[in-house]
Amino acid sequence: MLVTPDLSPSITVDQPGATNIAIVDVNRDGRMDFLATRGHGTGVVWYEGPTWKAHEIDSTLVGPHDLAVGDIDGDGSVDAVTCAKDSMVCAWFENDGKGEFFTRVIHLDQAAYDIRLVDMDGDGDLDVLVAGQNSKNVVWYENRLKRRK
């Protein structure tokens, strides 16, 4: 009989539709946190390590099936971007560096299963690249924010 040990406790339970997770230091306290989307559910959330306290980032987006993280606004903190396939909203979440996020809508009427942050035009900032699902397109959203020093 094969016995599988329970190696660690759950970070959370009852997360309907969880699809993506990124391991990053959201609040710059030197500890790893988890940032996640509920692609077959609703919303974006982060879990503060090491206690795994949940912090809702967005509770309205339906089907945010994708997730990318990076410093979008150039302030040194980790931001996030998703495109909700059912709400048809592409948005990024500006992190104040302490784990408080502000929603910034990039585009309406856009749906995706995959999203990337990449410097498409070589200007030193992260642009948003979306592989459209319901929208049946591939879109590049140029980052036009002025880089913070």
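**A walk from ring to strand**

Start by selecting Trp-52, which is partly exposed, with a relative accessible area of 26%. Keep in mind as you look around that this is a predicted model.

**Stop 1: the rings**

Is Phe-34 buried or exposed? Phe-34 is buried, and its relative accessible area is 14%. A pair of aromatic rings is described by the distance of the centres and the angle of the planes. The structure has one aromatic pair. Phe-34 and Trp-52 form this pair, which is stacked, with 4.7 Å from centre to centre and 10° between the planes.

**Stop 2: the four-strand sheet**

E1, E2, E3 and E4 make an open sheet in the order E1-E2-E3-E4, with antiparallel pairing. Which strands form the edges? They are strand E1 (20-24) and E4, each of which pairs on one side only. On average, neighbouring strands of this sheet are turned by 15° against each other, direction ignored.

Zoom in on E1 and E2: these antiparallel strands are joined by five bridges. To see a bridge, select Val-24 and look across to Asp-33, its partner in E2.

**Stop 3: two cysteines**

A disulfide is a covalent bond between the sulfur atoms of two cysteines. How many disulfides does the whole structure hold? The search finds zero. Cys-83 is in no disulfide, and its nearest cysteine sulfur, that of Cys-90, is 4.3 Å away. Cys-90 is in no disulfide either. The 4.3 Å between the sulfurs can be set against the cut-off: a disulfide needs sulfur atoms within 2.5 Å. Check the surface here as well: Cys-83 is buried, with a relative accessible area of 0%, and Cys-90 counts as buried at 0% relative accessibility.

**Stop 4: strands E9, E10 and E11**

Finally, move to strand E9 (residues 112-118) and strand E10 (residues 127-132), which run antiparallel and are joined by six bridges. Select Leu-129 in E10 and you will find Arg-116 opposite. On E11, Leu-129 stands opposite Trp-140. Four bridges join E10 to strand E11 (residues 138-141), and these two strands run antiparallel. End at the hairpin of E10 and E11, where five residues lie between the strands and Lys-136 takes a positive phi near 55°.

Conventions. Residues are numbered from 1 along each chain as its sequence is written. This is a predicted model: local features need pLDDT of at least 70, side-chain atom pairs count only at pLDDT 80 or more; totals for chains, interfaces and linings use all residues. Side-chain values use heavy atoms; hydrogens and water are left out. Rings of Phe, Tyr and Trp (its six-membered ring) pair if their centres lie within 6.5 Å; planes under 30 degrees apart count as stacked, over 60 as edge-to-face and the rest as tilted. Buried means under 20% relative accessible area, exposed over 50%, partly exposed in between (1.4 Å probe, protein chains only). Two strands pair if DSSP finds at least two bridges between them. Axes are lines fitted to C-alpha atoms, for helices over the stretch in contact, and angles run from 0 to 180 degrees between N-to-C directions.
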